[in-house]
Each structure stands twice: as structure tokens, then as C-alpha cells.
Amino acid sequence: MEVEAEQRDVNNVMCQLVDPEGTTLGPPMYLPQNEDKLPYTFYISDQELVVPLESYLQKNKVSVEKVLTIVYQPQAIFRIRPVNRCSATITGHSEAVLSVAFSPDGKQLASGSGDTTVRLWDLNTQTPMLTCKG
């Protein structure tokens, strides 16, 4: 139990909600720290809370005599660095390229085009190694 309490103290912060006059709004509670600054999604009864809580309470006639369980879940965020410039251009297809795939070692590239060809490229020399038609 002591280890569990220590982990709770590291990952959570004890908070006390008060109104503008300083009156406490219930007992203190632990809230998780948001170290990654991730936005959260909130759920009530397996439904995402997409309106203000007050609107949800009024619309669903939630009893103030029961504890309302709200599940929070961090949203996934993809951090992508923008491409600032084009580092190389390989010409060869006569129509738009529809898909590309790198070899596991990163030395070759396969490109598929609307011209019904697949080209295998040597990325060191930026020249085609093989062209498959059909």
C-alpha cells in the first residue's frame, strides 16, 4: 500500500475546488498531472461529453443526489515536423505517383504510378533499378 501511495503522489496532485469567495466545493481530490500537455476527452456512461457539463446535466436530468462518474482519456496527438524544403526529385513516371515504399535498409524505393508502372529506385544515385509494367 505504501508504494501505491507514493506512485499516486508522483503522478497526481491533490486539489481543492473553491468558488470565487473561497468556499470549498467538496472534499480535496487527486487529479492526474498532464506532463505531456495532452488534451483530454471526457465520457459519461460510455458517451463522449461534447457539450458543456451543465447542458448535459439539464438535458439528461442527472440527479444531484448521486455521484456522476466521468471517465477521462488523453487524446492521441501526432507530432509531425513540417517539411521545409524538397531534398530531391526523381523523374521517370509519366503520370501521378500513387504510392511509395522504402526498403527496410532505406537504400531503395518502390514507386507505383497511374501510368501502370512500378519503379524500383536506387536512392544513392537516384536512378531507376527496375521498371515493372502492367
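## Aromatic residues

Y72 is partly exposed, with a relative accessible area of 41%, where buried means under 20%, exposed over 50% and partly exposed in between, for a 1.4 Å probe and protein chains only. The model is predicted, so that local features need pLDDT of at least 70 and side-chain atom pairs count only at pLDDT 80 or more, while totals for chains, interfaces and linings use all residues. Residues are numbered from 1 along each chain as its sequence is written, and side-chain values use heavy atoms, with hydrogens and water left out.

A search of the whole structure finds 2 aromatic pairs, counted for rings of Phe, Tyr and Trp (its six-membered ring) with centres within 6.5 Å, and called stacked under 30 degrees between planes, edge-to-face over 60 and tilted for the rest. Y40 and F42 make a tilted pair, 6.4 Å centre to centre with 40° between the planes, whereas Y40 and Y72 make an edge-to-face pair at 5.4 Å and 75°. The latter links distant parts of the chain, with Y40 in strand β3 and Y72 in strand β5, 32 residues apart. Y40, F42 and Y72 form one aromatic cluster.

## The sheet

The open sheet holds 3 strands in the order β4-β3-β5, with antiparallel pairing (strands are DSSP runs of E, at least two residues, numbered from the N terminus; two strands pair if DSSP finds at least two bridges between them). Because β4 (47-48) and β5 (71-74) stand at the edges, each with a single partner strand, one side of each is left without a neighbour in the sheet. Strand β3 (residues 40-44) is joined to β4 by 2 bridges, and Y43 stands opposite E48 in β4.

Terms used. Helices (H or I, at least four residues) and strands (E, at least two) are DSSP runs, numbered from the N terminus.
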